[in-house]
Structure formats: structure tokens, C-alpha cells
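I opened the model and kept notes as I went. The entries follow in the order of looking.

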Amino acid sequence: MTEGVQTALLTILVYLIALPFVLCRSGFIAFFIATAWLLGRDISNSRDAVPSARRAKAMRNQNAALVFTAGW
């Protein structure tokens with residue numbers, strides 16, 4: 001439950017940060033990158049793949065580029 005709430009709050013925060021970029025032409029690119037990052041983060045935090053949150057964070061940091069591109 002807490003992980004779901006944390007993910008939802010992080011998603012809202014990331015989209016609020018990306019929102020001002022909509023006023024310029026790079027807005028949709030910012031949303032695309034934000035969504036890719038959030039998706040890659042969510043995939044790497046899957047309980048089926050990784051047993052603990054600490055291990056998920058370490059694995060995500062170790063494979064940051066791969067996790068980011070997985071969201072594309």
C-alpha cells in the first residue's frame with residue numbers, strides 16, 4: 001500500500017515539474033521522457049523481480065540507462 005502511494009505521489013510530482021514545459025515546444029518531449037523514466041522505475045521496482053526495495057534501488061542505480069530505456 002505504501003509503495004503504491006509513494007509511486008502515485010512521485011508520478012504527480014514528476015508531471016507537475018514537466019507541466020511548465022508544455023508552454024514551449026519541448027513540452028511533449030518532457031512528458032515523454034518523464035513517462036519513460038517513471039515506467040522504467042516502476043518496472044524495476046516490481047515485487048516479482050526484486051524481493052526488497054533496497055535491492056531494487058541498488059539494481060536500478062546499477063542499470064540506470066537500461067531502466068530508463070525500458071520505459072521508452
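I began with pLDDT, the predictor's confidence in each residue, from 0 to 100. The mean for this protein is 76, and 82% of its residues reach 70 or more. This is a predicted model, so I kept local features to pLDDT of at least 70 and side-chain atom pairs to pLDDT 80 or more, while totals for chains, interfaces and linings use all residues. I number residues from 1 along each chain as its sequence is written, and side-chain values use heavy atoms, with hydrogens and water left out.

Fold next. I took helices (H or I, at least four residues) and strands (E, at least two) as DSSP runs, numbered from the N terminus. I found 4 helices and 0 strands. Along the sequence the pattern reads α-α-α-α.

I used accessible areas from the Shrake-Rupley method with a 1.4 Å probe; for residues, only the protein chains shown count as cover. The accessible surface comes to about 5,500 Å², and 68% of it belongs to carbon and sulfur atoms. I called a residue buried under 20% relative accessible area, exposed over 50%, and partly exposed in between (1.4 Å probe, protein chains only). Of the 72 residues, 19% count as buried.

Contacts came next, meaning heavy atoms within 4.5 Å. Among contacts with a separation of 6 or more, 45% join residues 24 or more positions apart.

I looked up Ala18, in helix α1. Is Ala18 buried or exposed? Ala18 is buried, because its relative accessible area is 5%. Leaving out residues up to four places away in sequence, Ala18 touches Ala30 and Phe31. Ala18 and Ala34 lie 16 residues apart in sequence, and their C-alpha atoms are 7.3 Å apart.

Trp37 sits in helix α2. I noted Trp37 as partly exposed, because its relative accessibility is 37%. Beyond its neighbours within four places in sequence, Trp37 contacts Leu10, Val14 and Phe68. Thr69 is 32 residues from Trp37 along the chain, with 7.9 Å between their C-alpha atoms.

Last, the nonpolar patch. Patches take residues with over 30% relative accessible area and no salt bridge; like charges are joined within 9 Å, nonpolar side chains (Val, Leu, Ile, Met, Phe, Trp, Tyr) within 5 Å. A salt bridge puts a side-chain nitrogen of Lys or Arg within 4 Å of a carboxyl oxygen of Asp or Glu. Which residues form the nonpolar patch? I listed Val5, Leu9, Ile12, Leu16, Leu19, Val22 and Phe28, with about 690 Å² of accessible area together. Helix α1 (residues 2–18) gives the most, 4 residues. Val22 lies in the loop between α1 and α2 (27–44). Val22 counts as partly exposed because its relative accessibility is 35%.
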